[in-house]
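This report covers a pocket, a chain interface and a few backbone details. Please keep the structure open while reading.

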Amino acid sequence: MEKLKNILIIDDEYDIRETLKDILEVSGYRVITAAHGEAGLKALEDEEKPGLIFLDLMMPRMNGFEFMERKDATPEYREIPVVVISADSAAETKAKSMNVNGCLKKPIHLDSLLEVAQKYCAV
Amino acid sequence: MEYSLDPRHKIPILLVDDKPDNLAVLQSVLGHPDYELVLAESGEDAIAHANAREFAAILLDVQMPRIDGITTAKEIRAGGHSIRSPIIFLTALYRDDLYINLGYEAGAVDCLFKPYDPQILRSKVRVFADLYATSKKVLQQSERIREAEQNSRDRELTEIRFRSLQREHQLQRKYVDLVNSIDNCIIWAADNETLKFLSVSPSSQALTGFKANELVDCLDYWVGHAPPEDAVQFLAAIDKARSGRPTGVDHRFISKSGNVIWFNTRITLAEQDDRSGQRELRGLTVDVTTKKETELQLKRSEEAQRFLAEAGTHLAASLDYNMTLAKIANLVVPKFGTWCAIHLVGDDRKIRTVAAAHRDPEKIQLIESLDQLNLFSLGKRRGIQGAIKTGRSELVSEVSRDFLLATSDLHEGPGAFNALEEIKSYICVPMCVRDRVLGTISFVSDDRRYQQRDLTFFEELARRAALAIDNAILYQRAEKAVHTKDEFLSIASHELRTPLTPLKIQIQNLARLVRDDKFDTITPQLLTKVMEKCDRQLNRLNSLIENLLSVSQISLERLKLDRATMDLGALVLDVVDQFRDPLVNANCSVVLDLEENVIGQWDEFKLEQVLINLLTNAIKYGSGNPITIQVSQSESGARVSVKDLGIGIAPLDHLRVFELFERAAPSQNYGGLGLGLFIAGNVIKQHGGWIRVESSIGKGAQFIFEIPLTNTPKTLALPVADTTTCVVAP
């Protein structure tokens, strides 16, 4: 399967979104950001299909869990890999209960972030 | 004659001769007023006289035709009254010894020969006459003595009989006095066959209300006034007594005035009466009410102890006190009442029925529907509301129809009132613990009259129930506190990690560039951007730490103000400036409406914290929408308003959002420690002001606070406002 270049970051924290975006773009990925689940779904509709989604859990309007339900309900999005990024103490446990590919607990280590991006996306 | 016993009784002398001349001679010789001379002209004649009566002497002619004197004498001696009378033979012819001997053999005492000397004859007859008179006199005297003796004996006997009668009478009077004077028992006698009363002691009136004279001939006095089960026992005792075995029985009696008396009756079958031949039943009926009540009380107290122990087990078994109270209500009924209802005061001060039990499970709904009638409440001064207000119990031993009408929201009418017919007695006890009334337990009975001792028992039950409820509430609170603490720690770590993420990545990125020798990429522009970002995260971390410190100060009541003259409008501008980037990032515009020179003596650092918290909330919940901040002079000082157009807060949560760790927004969507408004409320309060929120769901929220310009001892009063949109600060 050919790796895609796009990465979608869904997080309500502006500084986190922008920081991750900067780093990943410098590394050669194309990055789209969304401030909550709803905006994330809209980005899936409007933008080029991403090879990976970084998903925060606690967000206004539509949280990470609700986003996953909606994403999995749409067949064409179901296959897109998702990695949870969360500051929740129980982030890993919560991620395991969801249909996601991994979890990066905040504060995120830069190398882990790049490793995950490299695993699912092509530069 | 020397004596005459009775002039009427002359001395009888029998003269016997076959020759009338001879008899005439004898008559003339012996004629004397003392003598009664009886003449006989033959032996047969003489024998007839002699047999018929006793003679003092018999003068008998020997020679007579047919029966001679000898034969006649023998006959006289053979029997009759004159068997021992002296016989003197008179003879002329047979003056020989043979005849004389024959005469003496035939019983003669003397013999005179014709012709006889009249003087001698008179003397001899006189001797016998005197002897007769003397013997008669002796006999008469002894007769008199005997008579006298008899008389004296009779008199003594009569006297003895009289005394014994007197004693008997005295005894009887004593017995009657005794029977009349007793007051704690009834002595009675009844016909063995018919059971009709024959006698009843007057004490019956004092003890039972029925007069003794009303009861004579009464048939079923004991049985007719006893509860059925006691009547059966009483009749069994009667049967046993009739068979000759004395029997005792305890039985109740409903007195004329309707009171229940406990009696002990001992019944015996009396000996057969000599005169009437009847056998009566005798009874001694003793009033043992006090003893029975003591026994009953003891039994009740044991029962109560057992019940309290059982209730205690239930109360200790579970921390779900609603369930426990339902169990208690079901334990009480039907043993101690017809109904039991348990009410608790909620956090909203409303009184709710939490448990109810009725002897007839189908009527359980009735209890709740009757609650609405405010039974016994007398305008909330008595009944359940009264007990909750005063913490005092209420006992109404006898609930009358009038009492119910007077104390409840009840109107005379067939429907509702019939249901109340069963309320005969009523107790309401509060459940108190640590000077707080948690609720009440109400007991209603349709058959027993509650007494002081019941009240004491129910109060003890309520005390134990209150303790159990209090323990459960404390446990629930402790559990909630532990849960809140855990949740807080989890949220706090989330809040602290969030700003650490960009901080860490920025620094790691710089480190990576250095490590990879890509110094050329580290431009001043990049560095500025990195440092700005890092500074923002540090500000956030600092603000979090400040909030945590403030909470700690507030909990320890160490929140101190460092007042200095400051300009409130300038502080608002400064805070908005600090939030320039976050505002832009959240796509929020800020509308400022700041009156100039709103200057006062305030703690600048703490007011800055309040404004930061309010603005952070406005950005968090109202992102994408404009935020309006107003500062103005008000009548009482300075007024600040921060208004967003975000998700809003439901009126129900207006009070809660100012409490520690409380948040109205769902934690699945929004972070935050739940400290910001708690701190804001306390800081404003410390400044002597108030803070409130006007909001509803989806309509944004406006937080308004007012503070006096200077340090005044008086706290500003919160203006009265619509409670659905505005709520008081802590």
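H10(B) contributes 4 residues to the lining of the second largest pocket, the most that any element gives. The model is predicted. The second largest pocket holds about 790 Å³ of space. Its lining counts 24 residues, and those closest to the centre are Val260(B), Arg300(B), Arg448(B), Arg449(B) and Gln451(B). Four elements of chain B give two or more residues each to this lining: strand S8 (247-254), strand S9 (260-269), helix H10 (289-317) and H16.

What classes of residue make up the lining of the second largest pocket? Charged residues number 12.

**Interface of chain B and chain A**

In total, the contact draws 25 residues from chain B and 30 residues from chain A. The area buried between chain B and chain A comes to about 2,500 Å². Carbon and sulfur atoms give 53% of this area. Which residues of chain B lose the most area to chain A? They are Arg497(B), Ile505(B) and Asn669(B). Together they account for 24% of what the chain B side buries.

The side of chain B that touches chain A has 14 polar, 7 charged and 4 nonpolar residues. Between the two chains, 13 residue pairs are in polar contact, with both partners at pLDDT 80 or more. How many salt bridges does the rule find across the interface of chain B and chain A? The count is 4. A salt bridge links Arg536(B) to Asp15(A), with 2.5 Å between the closest N and O atoms.

**Backbone details**

| Cis peptide bond | Omega |
|---|---|
| Lys106(A) to Pro107(A) | near -5° |
| Val333(B) to Pro334(B) | about 5° |

Where do the prolines sit? Pro107(A) is in the loop between strand S5 (102-105) and helix H6 (110-120) of chain A. Pro334(B) is in the loop between helix H11 (321-332) and strand S11 (339-345) of chain B.

One further residue deserves a look. Asp517(B) is not a glycine, yet its phi is positive, about 60°. Asp517(B) belongs to the loop between H16 and H17 of chain B.

Terms used
Residues are numbered from 1 along each chain as its sequence is written. Chains are lettered from A and ligands numbered from 1 in the order in which they are written. This is a predicted model: local features need pLDDT of at least 70, side-chain atom pairs count only at pLDDT 80 or more; totals for chains, interfaces and linings use all residues. Side-chain values use heavy atoms; hydrogens and water are left out. Contact means heavy atoms within 4.5 Å. Buried area is the accessible area (1.4 Å probe) that two parts lose on being put together, summed over both. A salt bridge is a side-chain nitrogen of Lys or Arg within 4 Å of a carboxyl oxygen of Asp or Glu. A polar contact is a pair of N or O atoms within 3.5 Å; within protein, one must be able to donate a hydrogen and the other to accept it, and residues adjacent in sequence count only if both atoms are side-chain atoms. Ala, Val, Leu, Ile, Met, Phe, Trp, Tyr, Cys and Pro count as nonpolar, Asp, Glu, Lys and Arg as charged, and the others, Gly among them, as polar. On a 1 Å grid over the protein atoms alone, a cavity is a set of points where a 1.4 Å probe fits but cannot get out, and a pocket is an open set with protein on both sides within 12 Å along at least five of seven lines; lining residues have an atom within 4 Å of a point. Grid points are joined across faces, edges and corners, and a volume is the space filled by probe spheres set on the points.
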